[in-house]
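Trainee: I have the model open and want to learn how to read its features. Can we take them one by one?

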Amino acid sequence: MTNSKQQYWVGIDGGGTKCRAVLFSEQGDALAEGLGGPANIARYKALALDAMLDAVKAAVAQAGLEFDEVSTSSTVCAGLAGAFLPSSRQLLSQWQHPFGNFVFTSDLQIALLGAHGGQDGAVMIAGTGSCAATLCNVNGDFRVKQVGGYGFQLGDQASGAWLGRQAVQQALLHADAIVEAPGIYTLVTGFYQCQSATDIVDRLNQGQPGEFAQLAPGLFALAKHDEQARQLLQSGAEYLNALAKSALTDASLKLVFLGGLAEKWTPLLNTDIQKRLIQPLHSAEWGAMFYARTLQASQSTVCADQDALVK
């Protein structure tokens with residue numbers, strides 16, 4: 001990057017349904033934001049890279065700037081679902097991006113950094129996926145301990161995708177007269193415009209997590225008067241209570257509950273967990289920007305120390 005240009009920072013929060021990019025000035029002021037498609041790097045791979053690029057371009061355009069003029073003077077930091085996997089790290093490291101600098105970490109890390117302003121704390125996320133984590137800041141070394149978050153196939157209990165899939169499974173069992181779940185069956189067939197179990201399977205056999213997650217809000221509404229839906233939510237709440245307790249290992253830690261379903265789940269959490277909840281200080285995108293700036297400052301310090309030793 002050249003010093004003659006205005007420097008920019010971009011923070012990206014990439015999840016299973018969408019990614020959001022926020023463009024920050026050199027001083028750290030938010031200028032604009034843009035949206036892209038699903039950016040779970042482990043699941044969507046090259047499509048997630050395209051989604052990030054789309055989100056950054058949209059943010060730059062919203063700021064009234066030209067992408068070609070801004071890209072090479074921008075440091076972009078992406079916090080992505082699935083970034084902790086070795087295959088994801090390899091893909092991201094080899095990406096031929098158009099930016100002046102590109103760094104990445106997990107969506108959990110940037111959520112933690114944003115929520116607690118870089119200080120110690122915990123987060124729990126219930127959106128398309130689910131997970132929890134704690135952050136310990138040891139002299140600028142951000143140590144993250146993750147709990148859960150193993151993806152749609154292997155985990156993510158109490159997430160939107162998990163709720164939707166559970167509801168679809170109950171609907172199919174109802175269609176086969178194995179369980180009684182007429183309310184859930186009606187919700188599923190109506191939402192996905194299906195007439196039978198065969199239609200449901202044909203519609204969702206290759207369904208992505210986001211498609212199942214879209215059903216979750218309707219399930220919360222149904223649970224107000226439907227026992228089967230209520231039992232499904234109770235199962236999810238029990239998992240979230242256990243997840244939160246696993247993350248809150250220190251009595252002094254506060255918990256920020258994030259994600260599209262956090263507000264709906266909160267009343268179902270145990271009282272002792274609810275008492276530990278606080279509002280986030282900053283967004284996950286701010287956390288990504290903070291991570292990149294801290295990393296750059298650390299690298300600059302190392303270089304300065306090495307120069308001093310040479311002299």
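Predicted model: local features only at pLDDT ≥ 70, side-chain atom pairs only at ≥ 80, totals over all residues.

Trainee: How are α6 and α7 oriented to each other?

Mentor: Angles from 65 to 115 degrees count as roughly perpendicular. The angle here is about 115°, and α6 and α7 are therefore roughly perpendicular to each other. The crossing of α6 past α7 is left-handed.

Trainee: Which residues of α6 and α7 meet?

Mentor: From α6 come Ala167, Val168, Gln170, Ala171, His174 and Ala175. They meet Pro182, Ile184, Tyr185 and Val188 of α7. By class, the contact of α6 with α7 holds 8 nonpolar and 2 polar residues, and no charged ones.

Trainee: And α6 with α8: what are the angle and the axis distance?

Mentor: α6 and α8, residues 197-204, pack at about 155°, and their axes are 9 Å apart. Angles over 145 degrees count as roughly antiparallel, so α6 and α8 are roughly antiparallel to each other. α6 passes α8 in a left-handed crossing.

Trainee: Which residues make the contact of α6 and α8?

Mentor: On α6, Val168, Ala171, Leu172 and Ala175. On α8, Ala197, Ile200, Val201 and Leu204. By class, this contact of α6 with α8 has 8 nonpolar residues, with no polar and no charged ones.

Trainee: Next, aromatic rings. How is a pair of aromatic rings described?

Mentor: By the distance of the centres and the angle of the planes. A pair needs centres within 6.5 Å. By this rule the count comes to 8 aromatic pairs.

Trainee: Take Phe220 and Trp265. Is the pair stacked or edge-to-face?

Mentor: The ring centres of Phe220 and Trp265 are 5.0 Å apart and the planes stand at 80°, so the pair is edge-to-face.

Trainee: Where do Phe220 and Trp265 lie?

Mentor: Phe220 is in α10, residues 216-222, and Trp265 is in α12, residues 262-265. The pair therefore ties together parts that are 45 residues apart in sequence. Phe220 and Trp265 are both buried.

Trainee: What about Trp286 and Phe290: stacked or edge-to-face?

Mentor: The ring centres of Trp286 and Phe290 are 5.2 Å apart and the planes are at 15°, so this pair is stacked. Trp286 and Phe290 both lie in α14, residues 284-310. They are 4 residues apart, about one turn of the helix.

Trainee: Which burial class does Trp286 fall in, and which does Phe290?

Mentor: The cut-off for buried is under 20% relative accessible area. Trp286, at 18%, counts as buried. Phe290, at 22%, is partly exposed.

Trainee: Which residues do ring pairs link into a cluster?

Mentor: Phe67, Trp95, Phe99, Phe102 and Phe104.

Trainee: Now backbone angles. Which residue has a positive phi of about 50°?

Mentor: Lys45, although it is not a glycine. Lys45 sits in the loop between α1 and α2. With a relative accessible area of 42%, Lys45 is partly exposed.

Trainee: And where is Asp156?

Mentor: Asp156 is in the loop between β8 and α6. Its phi is near 60°, again a positive value in a residue other than glycine. Asp156 counts as buried, at 11% relative accessibility.

Trainee: Last, single-residue surroundings. What does Gln109 touch?

Mentor: For contacts, leave out residues up to four places away in sequence. Gln109 then touches Phe142, Val144 and Tyr291. Gln109 is in α5, residues 107-116, and counts as buried at 10% relative accessibility.

Trainee: And where is the place of Gln6?

Mentor: Gln6 is in the segment before β1. Gln6 is partly exposed, at 35% relative accessible area. Gln6 and Glu26 are 20 residues apart along the chain, with their C-alpha atoms separated by 7.2 Å.

Notes:
Residues numbered from 1 in each chain as written. Heavy atoms only, no water. Helix = DSSP H or I, 4+ residues; strand = E, 2+ residues; numbered from the N terminus. Buried < 20%, exposed > 50% of the residue type's maximum accessible area, 1.4 Å probe, protein only. Axes fitted to C-alpha atoms, helices over the stretch in contact; angles between N-to-C directions. Parallel < 35°, antiparallel > 145°, perpendicular 65-115°, else oblique. Left-handed = near helix turned anticlockwise from the far one by under 90°. Contact = heavy atoms within 4.5 Å. Nonpolar A, V, L, I, M, F, W, Y, C, P; charged D, E, K, R; others polar. Phe/Tyr/Trp six-rings, centres within 6.5 Å; stacked < 30°, edge-to-face > 60°.
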